[in-house]
Amino acid sequence: QVQLEESGGGLVQAGGSLRLSCAASGRTFTSYSMGWFRQAPGKEREFVAAITWRGDNTPYADSVKGRFTISRDNAVNTAYLQMNNLKPEDTAVYYCAAVPGRCSGYGCSLVDRWPYWGQGTQVTVSS
């Protein structure tokens, strides 16, 4: 079992930046792949980005490529999502997720692939 807690959300103008953090506790952080998903009002939860425990594989959703960067610091059991050039369509609740082992490829983008979730943090981008 691993517990996840997100932070760093808020209100920002279009073109601005935010950095989300996901603090993990419980089982060994380095044995988990970490991911970020988001859910806008009235929409399904969607994949944003993921990172393997070594950081050697980092798939992204097409909608955020070139603007968002996922990273992790295994020394402090924390994953990050740096979000630059934010757009109003990025407005959503952002969730951190964890899965044991290596997550890569298409399966990484499936919500059901991830057994552990945080409570979410709101990101609102104004135009």
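Biologist: Which residue's side chain meets that of Asp-62 in a salt bridge?

Modeller: In this predicted model, the side chain of Asp-62 meets that of Lys-65, with an N to O distance of 3.2 Å.

Biologist: Is Asp-62 buried or exposed?

Modeller: Asp-62 is exposed, at a relative accessible area of 66%.

Biologist: How many salt bridges does the structure hold?

Modeller: There are five salt bridges in the structure. Among them is the one between Arg-67 and Asp-90, whose closest N and O atoms are 2.7 Å apart.

Biologist: Where do Arg-67 and Asp-90 lie?

Modeller: Arg-67 is in the loop between strand E5 (46-51) and E6, while Asp-90 is in the loop between E7 and strand E8 (92-100). The pair therefore ties together parts that are 23 residues apart in sequence.

Biologist: Buried or exposed, in the case of Arg-67?

Modeller: Arg-67 is buried, with a relative accessibility of 8%. Asp-90 is buried as well, at 1%. The cut-off that applies to both is a relative accessible area under 20%.

Biologist: Which residues are linked with Arg-67 and Asp-90 in a network of salt bridges?

Modeller: Arg-38 and Glu-46 belong to that network, together with Arg-67 and Asp-90. The side chains of Arg-38 and Glu-46 form a salt bridge with an N to O distance of 2.6 Å.

Biologist: What is the relative accessible area of Arg-38, and is the residue buried or exposed?

Modeller: The value for Arg-38 is 6%, and the residue is buried. Glu-46, by contrast, is partly exposed, with 36%.

Biologist: Changing topic to the strands: in what order do they form the open sheet?

Modeller: The order is E1-E3-E7-E6, four strands with antiparallel pairing. Strand E1 (2-7) and strand E6 (68-73) are the edge strands, and each of these pairs on one side only.

Biologist: By how many degrees are neighbouring strands of this sheet turned against each other?

Modeller: The average is 20°, with direction ignored.

Biologist: Over how many bridges do E3 and E7 pair?

Modeller: Strand E3, residues 18-26, pairs with strand E7, residues 78-83, over six bridges in the antiparallel sense.

Biologist: Which residue in E7 is the bridge partner of Leu-18?

Modeller: The partner of Leu-18 is Met-83.

Biologist: Through what do strands of a sheet pair in general?

Modeller: In general, strands of a sheet pair through backbone hydrogen bonds, and the pairing is either parallel or antiparallel. In the open sheet discussed here, the pairing is antiparallel.

Technical notes: Residues numbered from 1 in each chain as written. Predicted model: local features only at pLDDT ≥ 70, side-chain atom pairs only at ≥ 80, totals over all residues. Heavy atoms only, no water. Pairing = 2+ DSSP bridges. Helix = DSSP H or I, 4+ residues; strand = E, 2+ residues; numbered from the N terminus. Axes fitted to C-alpha atoms, helices over the stretch in contact; angles between N-to-C directions. Salt bridge = Lys/Arg side-chain N within 4 Å of Asp/Glu carboxyl O. Buried < 20%, exposed > 50% of the residue type's maximum accessible area, 1.4 Å probe, protein only.
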